[in-house]
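Here is a short tour of a protein model for you to follow on screen. Keep the sequence and the coordinates at hand as you read.

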Amino acid sequence: MKKAKVILVGNSHVGKTCLLCQFLDSSFQLEFQTTIAPDKSIKQLNLLNTDITLEIWDTAGQDNYAAANKIYMKKADIALIVYDITDKESFENLQNWYDRVIQINDKNKVIFGVAANKSDLFEKQVVNTEEGKKFSDSIDALFFETSAKDHGSVNKTFTGLAEKFIQQLIEKNKTKEENKENEKLEKNQEEEKNNENIILDQKTHNEKGKNTKIKKKC
Ligand SMILES: Nc1nc2c(ncn2[C@@H]2O[C@H](COP(=O)(O)OP(=O)(O)O)[C@@H](O)[C@H]2O)c(=O)[nH]1
Ligand SMILES: [Mg+2]
């Protein structure tokens, strides 16, 4: 069973907790809810023929990136950075959130996603999709338009990120196996070469013997 730590980051009120609730139990609550304690929720999935446990962390009063603590952020495998399409400031802070995550993690080891949330409120949209995509590309992230009211969009986001994680694991294992195979091959080749040298040595030894005999005859 593979395991991935997923962290949700982004300004307050962008909809992180709602996205998580929608993913976990297909529910959406319109009333304002504050996350009281940092909590990890577990969701088990089977994707690409692989069993995977997602351990999803939701922030607790750490929606200010300066306060976001290391325990929350560290050893993240997947980071979903969320902004609200009706809130420009939440978009402008994406870079800060990204910087915060890579301050604590090796950026090559984290799979990033950007969620343009509250897509159902398109009449109030102030950040257009192209801007969101552009930022997402700049950090090499997967881009998702989400609404915490729409299970499909939320499910696609989490499973899309988890699939990328699994694919990378498969690639890494492949490279590991290929390296092992190459090492084996090199070892075999070396052994063969050594054996050839021994045979050659014996041959030269025998040839030398012959020569001395001939010389003696003369
Ligand atoms: N219309 C709409 N409202 C949302 C959506 N996601 C969250 N909300 C609302 O936005 C507010 C903040 O959501 P919350 O999940 O607590 O944000 P957090 O602080 O990032 O965890 C709440 O009132 C939610 O009901 C969404 O996709 N569409
Ligand atoms: Mg919250």
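Which residue with a positive phi follows H5? Aspartate 140 does, with a phi near 60°.

## Ground rules

This is a predicted model, in which local features need pLDDT of at least 70 and side-chain atom pairs count only at pLDDT 80 or more, while totals for chains, interfaces and linings use all residues. Residues are numbered from 1 along each chain as its sequence is written, and chains are lettered from A and ligands numbered from 1 in the order in which they are written.

## Overall layout

The protein chain contains six helices and six strands. Both kinds of element are DSSP runs numbered from the N terminus, with helices (H or I) of at least four residues and strands (E) of at least two. Along the sequence, the pattern reads β-α-β-β-α-β-α-α-β-α-β-α.

Of the 218 residues, 32% count as buried. Here a residue is buried if 20 or more other C-beta atoms lie within 10 Å of its own, exposed if 12 or fewer, and partly exposed in between, with C-beta atoms placed from the backbone. Among contacts with a separation of 6 or more, 73% come from residues 24 or more positions apart; a contact puts two such C-beta atoms within 7 Å.

## The sheet

Six strands make up an open sheet of mixed pairing, in the order E2-E3-E1-E4-E5-E6. Two strands pair if DSSP finds at least two bridges between them. Strand E2 (39-47) and E6 are at the edges with a single partner strand each, so one side of each has no neighbour in the sheet. On average, neighbouring strands are turned by 25° against each other, direction ignored.

Within this sheet, E1 and E3 run parallel and are joined by six bridges. Lysine 5 has glutamate 55 in E3 as its bridge partner. H4 lies across E1, E4 and E5, at about 165° to E4. Axes are lines fitted to C-alpha atoms, for helices over the stretch in contact, and angles run from 0 to 180 degrees between N-to-C directions.

## The nonpolar core

The largest nonpolar core has 44 residues, and those with the most contacts inside it are Ile7, Ile78, Ala79, Leu80 and Ile81. Such a core is a set of buried Ala, Val, Leu, Ile, Met, Phe, Trp, Tyr and Cys residues joined through C-beta atoms within 7 Å. The elements giving two or more residues to this core include strand E1 (2-9), helix H1 (16-25), strand E4 (78-84) and helix H6 (151-217). E4 gives the most, with six residues.

Leaving aside residues up to four places away in sequence, leucine 80 touches Val6, Leu8, Gly113, Ala115, Thr157 and Leu161.

Which residues of helix H5 (residues 129-138) are buried? They are Gly132, Phe135 and Ser136. These residues cover an arc of only 100° around the axis, which puts them on the same side of H5; the arc is that of the directions from the helix axis to the C-beta atoms. They pack against helix H4 (94-104), strand E5 (111-117) and strand E6 (142-145). On the other side, Glu130, Lys134, Asp137 and Ser138 are exposed.

## Positive phi in two loops

Histidine 13, in the loop between E1 and H1, is not a glycine, yet has a positive phi of about 75°. Histidine 13 counts as partly exposed because 15 C-beta neighbours lie inside 10 Å.

Lysine 75, in the loop between H2 and E4, is likewise not a glycine and has a positive phi of about 60°. With 13 other C-beta atoms within 10 Å, lysine 75 is partly exposed.
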